[in-house]
Amino acid sequence: MKIIISPAKTINDKNDFTYHLSADPLYIDKARALYTYLLSLDQTKIKSIYKCSDKIVKKTFDDLRRYDIDKGYINALFAFDGIQYKAMAPSVLDDDALLYLNDHLCILSGLYGILRPFDLIVPYRLEMGFHLDGFKEADLYRYWSLSDYFKNDTVIDLASEEYSKAITADKIKIDFINDGKIKATYAKKARGAFVRYMAVNKITSIADMEKFNDLGYHLDKDRSNDHHLVFIGG
């Protein structure tokens, strides 16, 4: 069983904790090629690709020159700083829960393809949906072709649509609905809580996933099936 989640746009640049299972990312060679391409871009080109503010453009441009992708120094699980990761609260998980995540959790990444929780990374900003004119493969979905990595696993899909569609393997989609809608902020928090629930309880079966009831959620049996679990409430 593998759990897939999205990265966060915000990444910590402080290394306060390094886990003993720290490792290089699986696809560091392909990541290095991407990083080299990004380094070649001027700020005007970065803005045209990223479609972001001048402040973010400058930070992205400066960060690319500040870090060496071959000297990753912060574990991916502790690097990302979005709502989902705050709800996951990995820094207060015990060692058994962290080991569970090491075995089961995959963070999908525009720069690194797949990140295991304790892969060492540098701060970066590159979304999977970006179109990279001038790179050898402008479409990052085609560049990464991640599905083969998961071909022997049951995939529990807690990723956003942007990242989920990077994998064409069969998945069990998990959704969280509030007042009849999937609301982004609530969904991110619920996804983090769900990962935490799985890690703390060492979940390995669909039946045990269905028991999730954190943050006021419960399984909607009428909307759920073998390939889609829907939780309502929150």
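A polar contact is a pair of N or O atoms within 3.5 Å; within protein, one must be able to donate a hydrogen and the other to accept it, and residues adjacent in sequence count only if both atoms are side-chain atoms.

I am working on a predicted model, where local features need pLDDT of at least 70, side-chain atom pairs count only at pLDDT 80 or more, and totals for chains, interfaces and linings use all residues. Residues are numbered from 1 along each chain as its sequence is written, and side-chain values use heavy atoms, with hydrogens and water left out.

**Entry 1: D220**

I looked up D220 in the loop between β8 (218-219) and β9 (228-232). Strands here are DSSP runs of E, at least two residues, and helices are runs of H or I, at least four, numbered from the N terminus. The D220 side chain makes a polar contact with the side chain of R223 at 3.0 Å. It also reaches the backbone nitrogen of D222 at 3.1 Å. I then left aside neighbours within four places in sequence: D220 is in contact (heavy atoms within 4.5 Å) with V230, F231 and I232.

**Entry 2: helix α6**

Next I took α6, residues 95-104. Its buried residues (under 20% relative accessible area, 1.4 Å probe, protein chains only) are A97, L98, Y100, L101 and H104. They fall within an arc of 155 degrees seen down the axis, so they line one face of the helix. The arc is that of the directions from the helix axis to the C-beta atoms. Their cover includes β1 (2-5) and α9 (184-201). At the start of α6, a side-chain oxygen of D94 comes within 3.2 Å of the backbone nitrogen of D96.

Note on methods. Buried means under 20% relative accessible area, exposed over 50%, partly exposed in between (1.4 Å probe, protein chains only).
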